[in-house]
Every structure is written in structure tokens, then in C-alpha cells.
Amino acid sequence: MLSKFLFCILLFFFLTISSVKSKIGFDCKSISKCQSLAGYVSPNATTLSEIATLFKVTDINYFLGANSLPIGTSLTKSVAAMETIRIPFACSCKNGSGIADDTTMYKVQAGDSLDHIARNIFSMLVTYQDIAEANGYIIHLHTDVAGQFLSIPIPCSCDNVDGIQVVHYAHVVSPNQTLEMIGKEFGVSGKTLLTLNHLGDARSLQYESVLDVPLRGWLLLVVHFIDSI
């Protein structure tokens, strides 16, 4: 009798937790799709080709242009460990949030866990909780599900910022990085970053969080140029 009671309590607790969904993705009130960018910090030495394959990049010219590389650059070009590569991807907005559309998929390998996929494969562009929610709250992955595909909900947006068209860039906060440093690097005011990311103040910035950085200027021109080819 007691075991049945405990089972009911645990079942109720699990269903309650599962029914509370945290918001994934950046704010996005737009209804159209757009192109976004993500800063992928390669965990290991690799090549452009390996990264393009991981993120299912199809427009190689866009990929090269986003990284200030000449059109025609060989995809065998080396990428050093901890080097940041900008990843272009299609963004879809739904219910006020923007995430990468279903083309950003990952094939589960034997021994993978959600945390390993989030941390060691996608370098914290997503959390394991985000992956779980995007794929129906898969809590654990075991070797017997190797081969299945998971949607990777990289955050994005298609919204204008201060009435100006921008490209939203998903930036993973690195150790000892401050909001002021990020603002100077990308030419964005601290006030804009605070407002866009719902941060109370600069001290609210957390290591490994993904920041929505609106890009304009030369990088936006690159995006428009590549789109016109």
C-alpha cells in the first residue's frame, strides 16, 4: 500500500515538473523566417568542413563570408581548438521565441548524453535542458538510441532592434568576459544588450550563458552580399 502511495507521489511530481516548460530561444515576435548567426567555439582542432557538416551548412559562400574568408577558400582549412567560427543558419520564430529550424539536427552517437551533446559537441550554444524540451523531454540517452536524430534548438531572432534591421548573433559568454567587453567587441551598447537579454544589470551576466547580440554594419552587409549571389 505504501509503495503504491509513493509511486503515485513520484508520478505526480514527474508530471508536474514535465508540464512546466522553460522558454527556449531568443525573443522573436516576427512571423517570417530569417538568417541568423551563432558563434561556435570549436572544442578541438578541426576543419571548416567538419564544422559545416556538424551544423548542416548548405550555403558555403555564406559560411565563408560570415567568417571573413574569401569565396573559394578550401573547407579543409584548419580550425584551432577554442577558435570561434560564425555559423549561419535559418531561424524560425514561433510563440514569441526564435530557434534554429529543423535543419539543425544531430545524430546521436553511442555513449552520448544530453549534457555531452550540449557541452562538448555544441559548446554550450544550447543547454541539455533546451535539447530535452525541443525533443519531447528526453531525460536520458543510452547507447540503445544511438542513430536517432535530435533537433538542436540554437537560439535566434528575426526582430529589428531599435527600428533597425540586424542579424542576431548567439554568443556564448566566455570566462572573465564582461558585458562591457562584449559590447566593445561587437559595437553594441551595454544598454541594448541588457534590454535584449532581460538582464537587470551587468553583474547578471553568467559564464556559458548565450547572449543575443544584434549585429549591424559590415557584417550585415556581408550577409546581404552573400544572399544576393
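**Strands, ring pairs and a pocket**

Mentor: Let's start with strand E10, residues 210-215, where 5 of the 6 residues are buried, so the strand is mostly covered. Keep in mind that this is a predicted model, where local features need pLDDT of at least 70, side-chain atom pairs count only at pLDDT 80 or more, and totals for chains, interfaces and linings use all residues. Residues are numbered from 1 along each chain as its sequence is written, and side-chain values use heavy atoms, with hydrogens and water left out.

Trainee: What makes a residue count as buried?

Mentor: Buried means under 20% relative accessible area, exposed over 50%, and partly exposed in between, with a 1.4 Å probe and protein chains only.

Trainee: How do you know that E9 and E10 pair?

Mentor: Two strands pair if DSSP finds at least two bridges between them. Strand E9 (residues 167-172) and E10 have 6 bridges, in the antiparallel sense. Val172 stands opposite Val210 in E10.

Trainee: How many aromatic pairs are there?

Mentor: The whole structure has 4. Take Tyr40 and Phe55: their ring centres are 5.0 Å apart and their planes sit at 70°.

Trainee: Why is this pair called edge-to-face?

Mentor: Rings of Phe, Tyr and Trp (its six-membered ring) pair if their centres lie within 6.5 Å; planes under 30 degrees apart count as stacked, over 60 as edge-to-face and the rest as tilted. With 5.0 Å and 70°, Tyr40 and Phe55 therefore form an edge-to-face pair. Tyr40 is in strand E2 (residues 34-41) and Phe55 in the loop between helix H2 (48-54) and helix H3 (60-66), so the pair ties together parts 15 residues apart in sequence. Tyr40 and Phe55 are both buried.

Trainee: What kind of pair do Tyr106 and Phe122 form?

Mentor: Edge-to-face again, at 5.8 Å centre to centre and 85° between the planes. Tyr106 is in strand E7 (residues 105-107) and Phe122 in the loop between helix H4 (114-121) and helix H5 (128-134), 16 residues apart.

Trainee: Why does Tyr106 count as buried?

Mentor: Its relative accessibility is 9%, so Tyr106 counts as buried. Phe122, at 0%, counts as buried too. Tyr40, Phe55, Tyr106 and Phe122 form one aromatic cluster.

Trainee: What divides the residues lining the second largest pocket?

Mentor: The lining has 11 nonpolar, 7 polar and 4 charged residues. Ala, Val, Leu, Ile, Met, Phe, Trp, Tyr, Cys and Pro count as nonpolar, Asp, Glu, Lys and Arg as charged, and the others, Gly among them, as polar. A pocket is an open set of points on a 1 Å grid over the protein atoms alone, where a 1.4 Å probe fits, with protein on both sides within 12 Å along at least five of seven lines; lining residues have an atom within 4 Å of a point.

Key
Helix = DSSP H or I, 4+ residues; strand = E, 2+ residues; numbered from the N terminus.
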